[in-house]
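Subject: Structure handover

Hello,

Here is the structure I said I would pass on. My notes on salt bridges, cavities, a pocket and a surface patch follow it.

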Amino acid sequence: MSSITAVLRFLVHSNLFISLATVSVAVTTLLLADLPLEPLPLFIVFAATMFVYTVNRFTDLEEDEQNVPQRAAFTKRYGRLWLTAGIALYVAAIGIAVALGLSGAAYLFLPLAVALIYSLGGVKRTFLVKNLVVGLAWGAIPLGVGYYYDQLGSLEILFLFAYVTVMITIAAVIFDVKDIEGDREEDIPTVPNLFGPRATRAGSLVATVAVAAAVVALAATGTIPREFLVVLAMNAYVCAYVPFATPDRGPLYYGLVVDGEHVFLAAVVCALEWLI
């Protein structure tokens, strides 16, 4: 068990798992929008995530020493190596896009802008703004997929943009539960800091159920295809983990269980695609 735990911690602390999670969003988008699976957009998403989150590990090092000491220790020991890898992957993604003459190559600089805004722009000091920035950054993945395949204005892409943005914003609020002590010391206003963990969990459950109700309503009225009801699997997943999101939960709970919601959804979508 200790070996398994060590491997899981490595996946979380190295940002490999969170990069897999964003790739899962792209895979879900491709399958639900009936677009062909190609390696390039998946590589771009993986590379951009690895770069952004590794940069964030350094800018948040002081907070991590208080909130997630094991992750901070990993960053101090191996961070430069992973930062180098993240930069190399990100530069490679931009280089490939430029070499292939992709029309949206300039938009690959958006992850850099997001990293700077989130880490150095002071958005953490404004209530709920940092959560929404994270939500929008993840929501941009379906938009990027839509742009790549020239389907940016399609209903499927726009729905997934809105859905992912809202669900990741909820997850970002839950993530703040584990950082209460450190955020208070840094004077960062968060939902758990202002209202407490219990109210945060209750509000997140209400929001998740409201999103599910909206999805059902859209499908019932024919606004979105009924196949999109599969996303309700993730709403159920979120409702299952939210009650257990407490400050004493370790980084693996938040880094694997919470961040694994989109991996779970992609697995369900892939399974249904294979069965059907």
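Lys 178 and Asp 179 are both buried. Their side chains meet in a salt bridge, with 2.8 Å from N to O. Please keep in mind that this is a predicted model.

The search of the whole structure gives three salt bridges. Another of them pairs Asp 176 with Lys 130, the closest N and O atoms being 3.0 Å apart. This pair links distant parts of the chain, 46 residues apart: Asp 176 is in the loop between α8 (155-175) and α9, and Lys 130 is in helix α7 (residues 129-148). Asp 176 has 4% relative accessibility, so it counts as buried. Lys 130, at 8% relative accessibility, counts as buried too.

Glu 65 and Lys 76 also form a salt bridge, and here the closest N and O atoms are 2.4 Å apart. Because Glu 65 lies in helix α4 (residues 61-67) and Lys 76 in helix α5, the pair ties together parts that are eleven residues apart in sequence. How accessible are the two partners? Glu 65 is partly exposed, at 38% relative accessibility, and Lys 76 is exposed, at 55%.

Ile 180 is in helix α9 (residues 180-185). Is Ile 180 buried or exposed? Its relative accessible area is 9%, and the cut-off for buried is under 20%, so Ile 180 is buried. From C-alpha to C-alpha, Ile 180 and Asn 67 are 8.0 Å apart in space, while 113 residues separate them in sequence.

Two cavities of 30 Å³ or more turn up in the whole structure. The largest cavity has a volume of about 50 Å³. Its lining includes His 13, Ser 14, Asn 15, Arg 57 and Trp 82. Which element gives the most to this lining? That is α5, with four residues; α3 (39-59) and α5 each supply at least two. By class, the lining of the largest cavity has three nonpolar, six polar and one charged residue.

The second largest cavity has a volume of about 40 Å³. Val 25, Thr 28, Thr 29, Leu 160, Tyr 163, Val 164, His 262 and Leu 265 line it. The elements giving two or more residues to that lining are α2, α8 and α14. Five of the lining residues of the second largest cavity are nonpolar and three are polar, with no charged residues.

As for open space, the second largest pocket holds about 290 Å³. It is lined by 13 residues, and the closest to its centre are Leu 31, Leu 32, Asp 34, Glu 227 and Glu 273. Two or more residues of the lining come from each of α2 (16-32) and α14 (261-275). The most come from α14, which gives three. The lining of this pocket has nine nonpolar and four charged residues, and no polar ones.

Last, the surface. Tyr 107, Leu 110, Tyr 147 and Leu 152 make a nonpolar patch of about 390 Å².

Regards

Note on methods:
Residues numbered from 1 in each chain as written. Predicted model: local features only at pLDDT ≥ 70, side-chain atom pairs only at ≥ 80, totals over all residues. Heavy atoms only, no water. 1 Å grid on protein atoms, 1.4 Å probe; cavity = no way out; pocket = protein on both sides within 12 Å on 5 of 7 lines; lining within 4 Å. Points joined across faces, edges and corners; volume = space filled by probe spheres on them. Nonpolar A, V, L, I, M, F, W, Y, C, P; charged D, E, K, R; others polar. Patch = residues over 30% accessible without salt bridge, like charges linked within 9 Å, V, L, I, M, F, W, Y side chains within 5 Å. Areas by Shrake-Rupley, 256 points an atom, 1.4 Å probe, with all protein chains shown as cover. Salt bridge = Lys/Arg side-chain N within 4 Å of Asp/Glu carboxyl O. Buried < 20%, exposed > 50% of the residue type's maximum accessible area, 1.4 Å probe, protein only.
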